[in-house]
Amino acid sequence: MSHFTHHHGQLHAEGAALAAIAQQYGTPTYVYSKAALLGNFDAYADACAGREALVCYAMKANSNLAILDLLARRGAGFDIVSGGELLRVVAAGGDPRKVIFSGVGKSEAEMRLALSHDILCFNVESIPELHRLNRVAGEMGITAPVSLRVNPNVDAKTHPYIATGLKANKFGVAFDDALATYRAAAALPHLRLEGIDCHIGSQLLDDAPLLEALDKLIELIDTLGAEGIVLRHLDIGGGIGINYGEAGEAPPVAVGDYLGRLFARIDAWRAASHAGAPIKVVFEPGRSIVGDTGVLLTRVEYLKPGAEKNFCVVDAAMNDLMRPALYQAWMDVQPVRPRAGAALVYDVVGPVCESGDWLARGRALAVQEGDLLAVMAAGAYGLTMSSNYNTRGRAAEVIVDGAAVHLVRQREQPADLFALESLIK
Ligand SMILES: *Cc1c(COP(=O)(O)O)cnc(C)c1O
């Protein structure tokens, strides 16, 4: 069910009119629905009920403290990719012992920070990283919990910038090297081998590649077990896609169906060769938790008709929402108060000085200067990827709960943007 619908001729987030939000908080503003967020998380939690499983929300998709707090209170763990993200979990009241630390470039300082917070597991991506983690944990007089991120070499069939499970990607340990890497890790005294993980890509509209990756992980767990390296947890990563509303787009897999198929395979495997002993299953979803829970609200500054193209210049730009510029991503754009009358075809562009600064291309819109537009399904990889290019403050963020609207991030002001700079003396 969508929590963004038209009533009385205008678009609402739950019970709050987007026009009223724009009036109060200005534009551009990210608007999130609390009910949508909790509904998405519950789809995972419900499918995991009664099992040894943990949903670690991949917070790089959207790391606003209010969102982390809502999910933490629902029992979520977190998948982090930096020390800064760990400090966000702590600031939001999340439990560091439910944190998984992913990423190819963990610094020594980040390892110390994570170890001092007793996180659940490090998803290690290379042999040099194993050695560094072993040394840091040894210096602290403790052992570090480790899972190896294995690259199963399956084609996630998604955009090349968000495919991560192929041999040509920088992520993970190659499948063929995994055995040797586990043996090397097992010989390091300050590491504790807990599990195995993979993350093959993002925006997957089909779970077949994920189930193929699962089969490869199962094969490795059994090979390792035969050598006495017994793994306790299996982390399949994130990657489930959402619909952005583009014509002809395949529908996404339902989270409950995907988890049902995955658990059925795991149960059959454990029953056949592990006397039914359970294994802890970890998920790292990002986009499928937050993607469809938010819109970017923006106002039309100018209409600029041209010989070849018409431009609709809005006050949001590539610095606010980078996905179109970075991935040529297609995002749906809806008028907040649809007008009767003839539509014209526009490119919806921002004020930033780059030709790559567009949010949508070739859209039929009946709009006038001053109208509000909503870029739909902008809850994931929106604000977190934003920048201050052109000395533009980041957008405000609000969460709607029924008819109530809560400001959860103030709009950045220009003075905030140069507060850390100084003149040479
Ligand atoms: C980005 C990322 C995720 C989340 O991916 P989604 O496609 O947003 O679900 C999960 N795990 C790792 C390691 C990631 O880098």
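Leaving aside neighbours within four places in sequence, which residues is Asn319 in contact with? They are Val352, Ser386, Ser387, Tyr389 and Arg392, where contact means heavy atoms within 4.5 Å. This is a predicted model, in which local features need pLDDT of at least 70, side-chain atom pairs count only at pLDDT 80 or more, and totals for chains, interfaces and linings use all residues. Residues are numbered from 1 along each chain as its sequence is written, and side-chain values use heavy atoms, with hydrogens and water left out. The protein chain is divided into domain 1 (4-31 + 292-417) and domain 2 (103-283), with bounds that come from an automatic or database domain assignment.

**Domains and nonpolar cores**

- The centres of domain 1 and domain 2, taken over C-alpha atoms, are separated by 36 Å. Nine residues from domain 1 and eight residues from domain 2 take part in the contact.
- The largest nonpolar core has 102 residues, of which Tyr57, Phe122 and Leu262 touch the most other members. A nonpolar core is a set of buried Ala, Val, Leu, Ile, Met, Phe, Trp, Tyr and Cys residues joined through side-chain atoms within 4.5 Å. Buried means under 20% relative accessible area, exposed over 50%, and partly exposed in between (1.4 Å probe, protein chains only).
- Helix 8 (residues 208-226) gives the most to this core, nine residues. Helices (H or I, at least four residues) and strands (E, at least two) are DSSP runs, numbered from the N terminus.
- Because both domain 1 (4-31 + 292-417) and domain 2 (103-283) give residues to this core, it lies between them.
- A second, separate core has 18 residues, including Phe4, Leu18, Ile21 and Tyr25.
- Not counting residues up to four places away in sequence, Phe122 touches Phe101, Lys106, Met111, Ala114, Leu115, Leu133, Ala144, Pro145, Val146 and Ser147.
- In soluble globular proteins, nonpolar side chains tend to be buried together.

**Positions annotated in UniProt**

- UniProt, in an unreviewed entry, lists Lys60 for "modified residue: N6-(pyridoxal phosphate)lysine". UniProt positions are given in the numbering used here, feature names are shortened, and annotations may be inferred rather than shown by experiment.
- Lys60 sits in the loop between strand 5 (53-58) and helix 3 (65-73), and is partly exposed at 35% relative accessibility. Leaving aside neighbours within four places in sequence, its contacts are Val81, Glu85, Tyr381 and Thr384.
- The UniProt feature "binding site" (unreviewed entry) is placed at Arg287, Arg323, Tyr327, Glu354 and Tyr381. These positions span 95 residues in sequence and their farthest two C-alpha atoms are 27.0 Å apart, so they do not all gather at one spot.
- Arg287 belongs to helix 10 (residues 287-290) and is buried, with a relative accessible area of 4%. Its side chain makes a polar contact of 2.9 Å with the side chain of Ser202. A polar contact is a pair of N or O atoms within 3.5 Å; within protein, one must be able to donate a hydrogen and the other to accept it, and residues adjacent in sequence count only if both atoms are side-chain atoms.
- Tyr381 is in the loop between strand 19 (372-375) and strand 20 (396-401), and counts as buried at 11% relative accessibility. Not counting residues up to four places away in sequence, Tyr381 touches Lys60, Ala61, Arg287, Leu321 and Arg323.

**Two loop residues with polar contacts**

- Asn319 lies in the loop between strand 15 (310-314) and helix 11 (323-327). Asn319 is buried at 2% relative accessible area, and its side chain is joined to that of Arg392 by a polar contact of 2.6 Å.
- Arg51 is located in the loop between helix 2 (34-47) and strand 5, and is partly exposed at 34% relative accessibility.
- Leaving aside neighbours within four places in sequence, Arg51 is in contact with Phe263 and Asp267.
- Arg51 and Val352 are 301 residues apart along the chain, and their C-alpha atoms are separated by 49 Å.

**Cysteines**

- The structure holds zero disulfides, a disulfide being a pair of cysteine sulfur atoms within 2.5 Å.
- Cys312 is in no disulfide, and the nearest cysteine sulfur, that of Cys353, is 18 Å away.
- Cys312 is buried, with a relative accessible area of 0%, whereas Cys353 is exposed at 65% relative accessibility.
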